[in-house]
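User: I have a model open and would like to understand the terms used to describe it. Could we go through them together?

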Amino acid sequence: VEIGCNHPVLASNSFRLYLKGWTGLVVDVNPLYKKFWNTARPKDIFINTLISANNKKEMPFYEHYAGFVSTGVKDHADRFNSEDFSLTYKDSKSINEVLAANHIHSIDVLFIDIEGMDYEVLSSLDLDLYKPKYICIEDHEYPTTGNKSLSLISKYLNQNDYFLDSMLSPSFIYKQSNARVIWALIYLPLL
């Protein structure tokens, strides 16, 4: 499952898994990405919606002209040139609702890259129900503090039996304590 999937190949955290035969559910708010996913990764299921902690009507959304840093968080958008964003309003769905509607019962790897909304969505996910073995998540707090105990994401995941496995700043890979390492499938050169 990839939340904030963006482009199916460029800067994709899950592309190498797809090349190894993995498939899954991918979600992005930008409807233009659907045609790219349908062409480049037709075995994945693309859902066009904004994900938030719960369903919201007319949620402010800051669309970046290039798409990569579009966000529902004004403070996150303010880190960039404001002229590069346009304010729109979008309805959002909760991650749990989208997973249930698509008959997802468990998750091997969960990718979350939603520009400042990562913790909000992660902490709303029913971890007991979906039990992702691995979570790769963007954490803009971690690198600035240098201390994982100060990161909300890291603290939350540690409390839920996930432990930091790898850092690919700004993405951090956590695994359940009993999960085996699979990241070589993603980051080693293709054979």
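Predicted model: local features only at pLDDT ≥ 70, side-chain atom pairs only at ≥ 80, totals over all residues.

User: What makes β4, β6 and β5 a sheet, and in which order do they stand?

Analyst: Residues are numbered from 1 along each chain as its sequence is written, and side-chain values use heavy atoms, with hydrogens and water left out. Strands (E, at least two residues) and helices (H or I, at least four) are DSSP runs numbered from the N terminus. Two strands pair if DSSP finds at least two bridges between them. On that basis the three strands form an open sheet in the order β4-β6-β5, with mixed pairing.

User: Why are β4 and β5 said to stand at the edges?

Analyst: Each has a single partner strand, so one side of β4 (50-52) and one side of β5 (56-64) is left without a neighbour in the sheet. From one strand to the next, the twist averages 55°; axes here are lines fitted to C-alpha atoms (for helices, over the stretch in contact), and angles run from 0 to 180 degrees between N-to-C directions.

User: How do you know that β5 and β6 pair?

Analyst: Seven bridges join β5 to β6 (residues 85-94), and pairing asks for at least two, so the pair qualifies. The two strands run antiparallel, and F61 stands opposite T88 in β6.

User: What is the strand order in the sheet of seven strands?

Analyst: That open sheet reads β3-β2-β1-β7-β8-β10-β9, again with mixed pairing. Its edge strands, β3 (45-48) and β9 (162-168), each pair on one side only. Strand β2 (residues 25-28) is joined to β3 by four bridges, and the two run parallel. Within this pair, V26 has F46 in β3 as its bridge partner.

User: Which strands does helix α2 touch?

Analyst: Helix α2 (residues 33-40) packs on the sheet against β1, β2 and β3, and its direction makes about 175° with that of β3. Touching is a matter of contact, meaning heavy atoms within 4.5 Å.

User: Why is T49 called buried?

Analyst: Its relative accessible area is 10%, and buried means under 20%, exposed over 50%, and partly exposed in between (1.4 Å probe, protein chains only). T49 therefore counts as buried. This residue sits in the loop between β3 and β4. Leaving aside neighbours within four places in sequence, its contacts are V27, D28, V29, D91, K93 and V98.

User: And what makes D113 partly exposed?

Analyst: The relative accessibility of D113 is 23%, so it counts as partly exposed. D113 lies in the loop between β7 (109-112) and α5 (118-124). Beyond neighbours within four places in sequence, D113 is in contact with I3, G4, D118 and E138. The C-alpha atoms of D113 and G4 are separated by 5.1 Å, although the two are 109 residues apart along the chain.

User: Why does L10 count as exposed?

Analyst: L10 has a relative accessibility of 51%, so it counts as exposed. You can find L10 in the loop between β1 (2-3) and α1 (15-19).

User: How much of the chain is buried?

Analyst: Of the 191 residues, 45% count as buried. The chain holds nine helices and 10 strands.
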